[in-house]
Amino acid sequence: MDDREQRVQMVERQIAARGVRDPRVLEALRDVPRHLFVPEDQKPHAYEDRALPIASGQTISQPYIVAIMTELLAPDPDHDVLEIGTGSGYQTAILSRLAKHVVTIERHPQLALTAEQVFSALGLMNVDIRVGDGTEGLPAEAPFDRILVTAGPTYEDIDPVRYVGNRSSGRMGVALAEAARRRGAAVTLVLGPGSVAAPDGIEVVRVRSAAEMHAAVMQALPGQDVVAMAAAVADYTPAAPVAQKITKSDGPLTLTLTRTKDILADLGASRDGAAHPVLVGFAAETADAVARGRRKLDAKRVDLVVANDVTQPGAGFEHDTNAVTIITRDRDVAVPLQSKAAVADRILDLVVPLLGARA
Ligand code: CTP
């Protein structure tokens with residue numbers, strides 16, 4: 001019996017017979033030559049219904065265990081998978097058939113070397129193997145677990161039919177939330193009124209006013225690794241909103257506004273020396289964006305400010321593109337006009353080393 005035939009039987013008797021149904025998983029198990037992942041003296045047993053010893057005192061799991069774990073993981077062709085513990089590399093090779101990219105971490109250098117040789121013999125182009133302690137995850141790729149993002153304007157009610165608002169669309173904040181989601185973070189999005197639709201897979205808290213946004217941020221704060229305030233929060237709110245619609249008279253109407261609480265500055269002050277969370281602010285300006293952004297970084301005691309000149313063509317409110325300068329304590333990084341999704345990724349790229357520095 002050739003080795004393909006042995007795998008067809010293995011799938012039928014050990015795997016399909018026990019209820020694994022996903023056709024992509026079954027096909028991957030028929031395709032991947034398991035015997036290449038076991039030591040020479042174990043090759044006659046490669047397709048048996050059991051785990052086998054490999055080098056460094058480890059084992060290659062029973063085929064059924066590999067199949068059921070893969071089915072439960074349900075990798076998609078657009079997924080990046082992080083595997084902790086390469087071992088023989090057999091599970092890695094199965095995942096590489098089903099996902100876009102697999103990063104696998106192995107603590108025994110000898111096992112990593114052997115697995116890498118098999119991957120290259122099989123021509124697996126979408127696998128990266130690292131030697132290291134997988135319990136640390138992959139900090140360079142997914143260094144934060146939780147991020148809180150605010151987006152959109154706030155509306156400050158004057159009476160039941162009128163409000164003071166601003167032109168923020170929420171797109172930059174939503175792009176940031178989606179970029180973090182793509183990197184595997186748990187995202188909470190505090191979203192102002194009248195802004196873009198809430199994305200899938202993200203916990204959304206809807207708010208209206210600056211006061212509501214303040215309360216929502218403070219409530220969601222515990223456990224956050226990063227807070228990014230992309231919302232255009234009103235700086236002023238009507239001093240005395242009224243319950244009945246204001247009717248007009250012939251003379252002028254004077255509206256008295258009072259200051260709202262600055263959410264970001266409160267976060268900067270209350271963090272005072274603590275390691276977490278990393279704080280990101282935004283500064284939408286019409287002149288001297290970088291200098292003003294840097295002043296906000298200092299005044300609000302935050303780690304990074306994304307400054308943009310909203311008068312530039314294609315940048316700022318109601319556009320799908322943006323051009324910004326990302327300001328950190330030690331440098332300014334100019335990000336030329338590009339999609340808000342790409343700008344969001346550049347922001348997160350610069351948040352990553354700050355997490356490392358503060359941890
Ligand atoms: N911000 C906040 N709470 C407020 C106001 C603003 O958290 N009540 C945050 C915004 O989300 C943004 C940053 O602070 O991240 C903007 O800074 P801010 O000084 O408010 O900018 P402007 O409103 O443009 O203020 P200024 O008139 O001082 O330029």
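User: Hi! Is Thr154 buried or exposed, and what is its relative accessible area?
Analyst: Quick note on the source: this is a predicted model with residues numbered from 1 along each chain as its sequence is written, where local features need pLDDT of at least 70, side-chain atom pairs count only at pLDDT 80 or more, and totals for chains, interfaces and linings use all residues. Side-chain values use heavy atoms, with hydrogens and water left out. Thr154 sits in the loop between β6 (146-151) and β7 (156-159), with strands (E, at least two residues) and helices (H or I, at least four) being DSSP runs numbered from the N terminus. Thr154 is buried (under 20% relative accessible area; exposed is over 50%, partly exposed in between, 1.4 Å probe, protein chains only), and its value is 1%.

User: Which residue's backbone nitrogen does the side chain of Thr154 reach?
Analyst: Thr154 has a side-chain polar contact of 2.8 Å with Glu156. A polar contact is a pair of N or O atoms within 3.5 Å; within protein, one must be able to donate a hydrogen and the other to accept it, and residues adjacent in sequence count only if both atoms are side-chain atoms. The backbone nitrogen that the Thr154 side chain reaches, at 3.0 Å, belongs to Ala234.

User: Which element gives the largest share of the shell around the ligand?
Analyst: The shell counts 15 residues, and those that come nearest are Met229, Ala231, Asp235, Leu264 and Phe282; a residue is near if one of its heavy atoms lies within 4 Å. At least two shell residues come from each of α8 (263-271) and β14 (278-285). The largest share, 3 residues, is from β14.

User: How many of the shell residues are charged?
Analyst: Here Asp, Glu, Lys and Arg count as charged, Ala, Val, Leu, Ile, Met, Phe, Trp, Tyr, Cys and Pro as nonpolar, and the others, Gly among them, as polar. The shell splits into 8 nonpolar and 2 polar residues, and the charged ones number 5.

User: Which helix has 8 of its 9 residues buried?
Analyst: The buried residues include Tyr90, Gln91, Thr92 and Leu98. With 8 of 9 residues buried, the helix at 90-98 is largely enclosed by the rest of the structure, so the one you want is α4.

User: Last one: how far apart are the C-alpha atoms of Val81 and Arg259?
Analyst: Val81 belongs to strand β3 (80-84) and counts as buried at 11% relative accessibility. Along the chain, Val81 and Arg259 are 178 residues apart, and the separation of their C-alpha atoms is 47 Å.
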